Amino acid sequence: MKVCVACGNPNNRDAAKRCDQCGTELPVAAVRAFTPRQPSPVTTTAQQPVDRTRRFQLPQELTKEQDLANDLPMQGRHLLIGGPGTGKSVVALLRAARLVRSKRNHSFLAYNRLLIHYCSALSPVRINAKTWNSWFMSTWRQQMKQSLPLAPPQNGSSWQEIDWLAVSHILSQADEVVPPTSFYLVIDEGQDMPKEFYWAISDLGYTNIFVAADFNQVLHPGKNSNRKDLIEALEKAPRKVVNANASMERLFDPEAIVEISHNHRNPGPVARLAAHICQSLNNPQSTCPKLRADMRDAAVPLLFGYDPVDPKRNLDSVCRRIILTADRNPRWLIGVLCATKTMLDTYKQALHGALTSVRQRLDHGDPRIEILDMGQQKEPDFSKGGIVLLTSHSCKGLEFDLVVIADIDAYWTSISNHQLFYVMVSRATERVILLHNLTKPCPIGAILPQDPNLLTRDPLRP
C-alpha cells in the first residue's frame, strides 16, 4: 500500500498513481504505511451483516435539575427553559410517557414532522405526537365545528398561514366552546410556535400545558414566541368555559419557571464552540448551557475549505472523506446540513459519486445515504448509522454523531443565522466539521472563533 504525503492516507493501492482520497500524485515505488491498518471493530461476512445499530434511547438516569423538572405536577401550566443538550426534550418526553401510563388524554406537540418522527422513536412508550399546526387545525375543527381560517398565500407561495386575527375574533364572539378531548398538552421547542397559538389554546379551554423552550434557538424570528409572550399566554385564564362555576385560580406562576442549565449532549470541544456562538447572541431570555467539569474529550471542530476547481480538494474529495468516515464508524449517524434543497441535491449526487469511486476500499459495504425531509410520511430510522442529508432548519431537536455543516458561505450574518448556527453545531454528540467553498466570501465566518482550541482550520486554507 502507498502512503500519501499530502493527506496521510495509508491505503492507496500499490499500482495507484494518485491518492484515492485527495488526488495528490503518488511516488512510483510503493511506500508502506508507518503503522499497519487497524482492524475495524465491526467485521462483515456473508453470514454476519454489518451492525449499524446506534445507541438511541433516553438516558437511564436523570440529573438533579432534570429530576426537579420531571417531578412538576401534571396539573396546571409549566415553562421549562434549557439550552441544547440540557435534557429539556427528555423531560418533555418522559412527561408524555407518564401521561400515557396514567391513562390521561394528552397530545405531544413539536414544530415539524421530522422532529415528531424523532421524538416518537425515542419515547419509551407510544405517545400521541403531532405537529402543532396539524393538531391545531384538527382541534379547531372539532371544537369550533368549522374550518380553521387561513390567510391568503404570500409571495407566490401555495402555503397559507393561519389567520390569527380571524381566530381571535371567532373565539371572542363564541357563546360556548366544545371542551377539549386532550386534557394535557406537552409542547417541545415551544419558542417556535407563535404567541397567538398559545392565546388561542387558552381560549379553547386548555388548562394543563407544559412547554419546553429555549429562546436562543428560534427558527423563524417574527413567527415565534419570546419569553414574555409565553409567560403572558400561560398566565391567561381560559375566556370560554363550559362550566361557568369553574375555579378561576391562577394557572401559572412566572416565579416558578424551571431552568436546567448543564450541557450533557456534546463532548467538551463541541460544547465550547457551541457556547462561543451562544454567548455572541447575548440573549437575556435564555442563558447559555454551562460546561461541566467532567465533559469527555473529542476532536476539536474543524473548518475545512474546499476548491471546486481543484481536483485535489474539490467537493468530490470532501464527499470521499465523508464516505470513508462512515465506513470507519458504521454505527455513526452523520448529518450533512444544507442551507437549501438545491444544495441537498448537489451533495447527495456528490456523495453517490464518491461512493462509486471508493467502494472497493470500504470494509462494511455501502453506507446508507438518504435525504430527510420535514414533510416525509415515511418513518426515518434514527437508530441506524449512515449519512443523512437535511436542510439546516430541519435539524432542530435532532442528534447526530457527526455534524457536517455544508457551505457555510451560503449564510449571511444575522441574528437568525447566528441562532441557526448555534442549533446546528449543538446537534453533534462526537464531532463537527464546517465546510467552506473557497471561491465564495463567507460573511458568517465573523462569528466563528479564531482560537484554535475552539475551532481548527485546515492548514491549506487561505
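Guide: Helix H4 (residues 132–144) packs against helix H5 (residues 164–173) at an angle of about 30°, with their axes 13 Å apart. This is a predicted model, where local features need pLDDT of at least 70, side-chain atom pairs count only at pLDDT 80 or more, and totals for chains, interfaces and linings use all residues. Residues are numbered from 1 along each chain as its sequence is written, and side-chain values use heavy atoms, with hydrogens and water left out.

Visitor: Roughly parallel or roughly antiparallel, those two?

Guide: H4 and H5 are roughly parallel (angles under 35 degrees count as that).

Visitor: And which residues in H4 and H5 meet?

Guide: From H4 you have Trp132, Phe136, Trp140 and Met144, meeting Trp164, Val167, Ile170 and Leu171 of H5; contact means heavy atoms within 4.5 Å. By class that's 8 nonpolar, no polar and no charged residues (Ala, Val, Leu, Ile, Met, Phe, Trp, Tyr, Cys and Pro count as nonpolar, Asp, Glu, Lys and Arg as charged, the others, Gly among them, as polar).

Visitor: Switching to pockets: what volume does the largest pocket have?

Guide: About 1,100 Å³. A pocket here is an open set of points on a 1 Å grid where a 1.4 Å probe fits, with protein on both sides within 12 Å along at least five of seven lines; lining residues have an atom within 4 Å of a point.

Visitor: Which element gives the largest share of that lining?

Guide: H4, with 4 residues. The lining of the largest pocket divides into 15 nonpolar, 13 polar and 8 charged.

Notes:
Axes fitted to C-alpha atoms, helices over the stretch in contact; angles between N-to-C directions. Parallel < 35°, antiparallel > 145°, perpendicular 65-115°, else oblique. Points joined across faces, edges and corners; volume = space filled by probe spheres on them.
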